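Hi,

Here is the structure I promised to pass on. Have a look first, and my notes follow below.

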Amino acid sequence: MRRDERPAAQVPRGVWLCLAAALVAQIGWRSLQPPAAPAAADLPAPPSVPALRLASLGEPQALARVTMLYLQAFDYRGSNARTYAGLDYARLTGWLQAILELDPRSEYPLFAAARVYAENPDPARSRTALEFVYRQFFGDPDRRWPWLAHAALLAKHRLNDLPLARRYASAIDRNTRSASVPLWARQMEIFILEDMNELEAALILLGGLLESGAIHDPAEARFLQQRLEELERRLAARPGR
């Protein structure tokens, strides 16, 4: 110990009390300060698919799942105040597309696009997500139709855009071939046409469906026949008919 230093025991009691009071005051003052606002960061540009494949080390499905978790967790980080509703949706769909190309059999990117990101209250961002689902549908229509069917419902009920809903429903009817695709999905366009008051077009589609022999359930055939007859009555009741 240096000669000019004194043992702690020789420090006057009043000095210790002052130090303790200063420490308590500092802690109390910090506890009353509002937490610092986290920085709002947007998504970085999506990586290229070749880069992702190289990084996957032969396990593209595993890396696709990890990348999808990163994407969904991006807006939940403590340092990021930007929620998914405010993200750059061009970049967001770029990430989703890269993940889907890395693992084309995965349904998670399309599920997230249709059921999470497309339900954004901002119509422009919602449309971006829906159009992503529509474009990716054509890569595997018989497996990806459920997400486009949901997109059609969102276009109809949330965006109130019947022409857009019809475009999605029409794509399902014209591009799916598997017997596992339910008839209700292929009939969506008919009912949307009714909502659009395009009764002639709805009548043609419904008549063609009944004549195609694709309907084997007698109860469903009766239901559609009743709809056909109702359409015919509504058309006959129009002025000028």
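Tyr168 is buried, with a relative accessible area of 0% (buried means under 20% relative accessible area, exposed over 50%, and partly exposed in between, using a 1.4 Å probe and protein chains only). Tyr168 sits in helix α8, residues 162–175. Leaving aside residues up to four places away in sequence, Tyr168 touches Leu130, Glu131, Tyr134, Leu148, Ala151, Ala152 and Ala155, where contact means heavy atoms within 4.5 Å. Ala149 is 19 residues from Tyr168 along the chain, and their C-alpha atoms are separated by 7.2 Å.

Before you go further, a word on ground rules: this is a predicted model, so local features need pLDDT of at least 70 and side-chain atom pairs count only at pLDDT 80 or more, while totals for chains, interfaces and linings use all residues. Residues are numbered from 1 along each chain as its sequence is written, and side-chain values use heavy atoms, with hydrogens and water left out.

On to the overall picture. The protein chain has 12 helices and zero strands; both are DSSP runs numbered from the N terminus, helices being H or I of at least four residues and strands E of at least two. Of its 241 residues, 35% count as buried. The accessible surface of the protein chain comes to about 14,200 Å², and carbon and sulfur atoms own 58% of that (areas are from the Shrake-Rupley method with a 1.4 Å probe; for residues, only the protein chains shown count as cover). If you take contacts between residues at least 6 apart in sequence, 67% of them join residues at least 24 apart.

Now the helix pairs. Two packed helices are described by the angle between their axes and the distance between the axes. The axes here are lines fitted to C-alpha atoms, for helices over the stretch in contact, and angles run from 0 to 180 degrees between N-to-C directions.

Back to α8 for a moment: α8 and helix α10 (residues 188–195) pack at about 155 degrees, with their axes 8 Å apart. The two are therefore roughly antiparallel to each other (angles under 35 degrees count as roughly parallel, over 145 as roughly antiparallel, 65 to 115 as roughly perpendicular and the rest as oblique). The crossing of α8 with α10 is left-handed, meaning that the near helix is turned anticlockwise from the far one by less than a right angle; clockwise would be right-handed. On the α8 side, Leu162, Ala165, Arg166, Ala169, Ser170, Asp173 and Arg174 take part, and they meet Met188, Glu189, Ile192, Leu193 and Asp195 of α10. Sorted by type, the residues of this α8 and α10 contact give six nonpolar, one polar and five charged (Ala, Val, Leu, Ile, Met, Phe, Trp, Tyr, Cys and Pro are nonpolar, Asp, Glu, Lys and Arg charged, and the others, Gly among them, polar).

Next, helix α11 (residues 199–211) and helix α12 (residues 218–236): their axes come within 10 Å and cross at roughly 150 degrees. That makes α11 roughly antiparallel to α12. The crossing of α11 and α12 is left-handed. Among the residues making the contact are Leu199, Leu203, Leu206 and Leu210 of α11, and Leu224, Leu228, Leu231 and Leu235 of α12. The α11 and α12 contact divides into 11 nonpolar, two polar and four charged residues.

Glu229 lies in helix α12 and is partly exposed, with a relative accessible area of 34%. Glu229 and Leu203 are 26 residues apart in sequence and 9.1 Å apart in space, C-alpha to C-alpha. Arg222 is also placed in α12, and is exposed at a relative accessible area of 53%.

The last pair is α2 and α3, whose axes come within 8 Å and cross at roughly 115 degrees. The helices α2 and α3 are therefore roughly perpendicular to each other, and their crossing is right-handed. Leu52, Ala55 and Ser56 in α2 meet Pro60, Leu63 and Thr67 in α3; by type, that contact has four nonpolar, two polar and no charged residues.

Finally, some backbone angles for you. Leu57, in the loop between α2 (49–56) and α3 (60–73), has phi near 55 degrees, a positive value in a residue other than glycine. Leu57 is exposed, with a relative accessible area of 75%. Asn160, in the loop between α7 (141–157) and α8, also has a positive phi, near 55 degrees, and is exposed at 63%.

Cheers
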